[in-house]
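Please load the model in your viewer, with the sequence panel beside it, and follow the stops below in order.

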Amino acid sequence: MEQYIIKGGNPLVGEVVIGGAKNAALPVLAAAVMTDGKCMIDNMPDVRDINVLLQAMQEIGADVDRTGKHEVTISGKGIHPECDVDNEFIRKIRASYYLIGALLGKYKRARVALPGGCEIGSRPIDQHIKGFKMLGAQIEIENGMISAIAEELKGAHIYMDVVSVGATINVMMAASLAKGNTIIENAAKEPHVVDVANFLNSMGAKIRGAGTDVIRIKGVEKFGDCQYSIIPDQIEAGTFMTAAVATKGDIMIKNVIPKHLEAISAKLIEIGAEVVEFDDAVRVSATKRLESTNIKTLPYPGFPTDMQPQMAVTLALSNGTSVISESIFENRFRYVDELTKMGATIQVDGRTAIISGVEGFTGADVHAPDLRAGAALVIAGLSAKGFTTVSDIGYIYRGYEQFEQKLKQLGGEIQLVNNEKEVAKFKLKIG
């Protein structure tokens, strides 16, 4: 079984280049099937979720040409309107639902397996369904599949009951090929919502207001060719920002949009880290033990839920008592038991974690319960005294490209191993 073996104690120092945003790339790739022309997309992250989605798109007839590790050309011309999107892999990723909006918009019919993903809490698709229905679609859910069919999609005034990134993007895709005008109120404002809107516009859509809470869409008949580059991944960048401070290191993090990182930067500065912004980079460092703070996860531009576990590791090593309130997902604290094995002092009460900072962690054998928690446990291992093994790292592959290689380049002592013999060999080598 693949796992990471880590020898902690080294400050992470150097430069790291951030890849394309997984959470933007997934809906952008799904939206690319909406044109019979060709979409050339670059800065695409080479991670497991992306590869699963591209495979599913090929299986329904899309022409997917991997022109490079981070480049792909896609055409939806070969897709049959009556296709079903279902295989054992697509059911494991949350982003499968983006194909509903894409196919419904193009063909007025979509039949897609219900989504999976990390078990971090309830992620209902009721707002997606509400939006599709208001555009004129009939929805049925049976045998683990969601079907959406419409004789015609017509623009509508849609108010989202809760801020939902997935629903905002999905309804935006379908509405862009509907007749007439659509207004989405209480829309999500995340950077990847803006990225998808920009991508759709590059194909010929007429979308205004993305990045605000009111998005206005004028439907068009069809899309054409386009070229597009995915935005940098704010969560990968944030992960390395917390890795720098947790290990008392100094990292220049390149290929980022600093504005997307403002909520993370503000909290790190608040607890005593140094964050210096450049045009397309941030430098993050810490030379002393940091202080405590309180965090509440919120939709963008608030503190991102996907950075909550990584920040918890940092606060667990800080001076004083910190409180994290998780307002997005109810099961996001599943990593706490694993972090406790390493010496953290954390009490969880519902959606609140009370963290009493400790001087340091000690190595332990831990399991990654989900994608972001897995990355957080790796950071904990890099800051700990002694050896740490992190198993179930398949979760980490879902969203981080060359994670251990990038950490190694920063001075982290981490190795991918497959058995106890390799673990022993690493321990003997490192000492």
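A search of the whole structure finds two cavities of 30 Å³ or more, where a cavity is a set of points, on a 1 Å grid over the protein atoms alone, at which a 1.4 Å probe fits but cannot get out. A volume is the space filled by probe spheres set on the points, which are joined across faces, edges and corners. This is a predicted model, in which local features need pLDDT of at least 70 and side-chain atom pairs count only at pLDDT 80 or more, while totals for chains, interfaces and linings use all residues. Residues are numbered from 1 along each chain as its sequence is written, and side-chain values use heavy atoms, with hydrogens and water left out.

Select G19, G20, P45, V47, D233, E236, G399, Y400 and E401, which line the largest cavity, lining residues being those with an atom within 4 Å of a point. The volume of this largest cavity is about 50 Å³, and its lining comprises three nonpolar, three polar and three charged residues. Here Ala, Val, Leu, Ile, Met, Phe, Trp, Tyr, Cys and Pro count as nonpolar, Asp, Glu, Lys and Arg as charged, and the others, Gly among them, as polar.

Next, select P232, D233, Q234, A237, V256, I257, H260 and L261, the lining of the second largest cavity. About 30 Å³ of space lies there, and the lining of this second largest cavity has five nonpolar residues, two polar and one charged.

Now show helix 7 (residues 234-246) and helix 8 (residues 262-270), whose axes lie 10 Å apart and pack at an angle of about 10 degrees. Helices are DSSP runs (H or I, at least four residues) numbered from the N terminus, and axes are lines fitted to C-alpha atoms over the stretch in contact, with angles running from 0 to 180 degrees between N-to-C directions. Helix 7 and helix 8 are therefore roughly parallel to each other, a label for angles under 35 degrees. In the viewer, Q234, G238, M241 and V245 of helix 7 meet I264, S265 and L268 of helix 8, contact meaning heavy atoms within 4.5 Å. This contact of helix 7 with helix 8 involves four nonpolar, three polar and no charged residues.

Finally, move to helix 4 (residues 126-134) and helix 5 (residues 165-175), whose axes come within 8 Å and cross at roughly 20 degrees. Helix 4 and helix 5 are therefore also roughly parallel to each other. To see their contact, select Q127, H128, G131 and F132 in helix 4, which meet G166, A167, N170, V171 and A174 in helix 5; by class, this contact has four nonpolar, five polar and no charged residues.

Note on methods
Helix = DSSP H or I, 4+ residues; strand = E, 2+ residues; numbered from the N terminus. Parallel < 35°, antiparallel > 145°, perpendicular 65-115°, else oblique. 1 Å grid on protein atoms, 1.4 Å probe; cavity = no way out; pocket = protein on both sides within 12 Å on 5 of 7 lines; lining within 4 Å.
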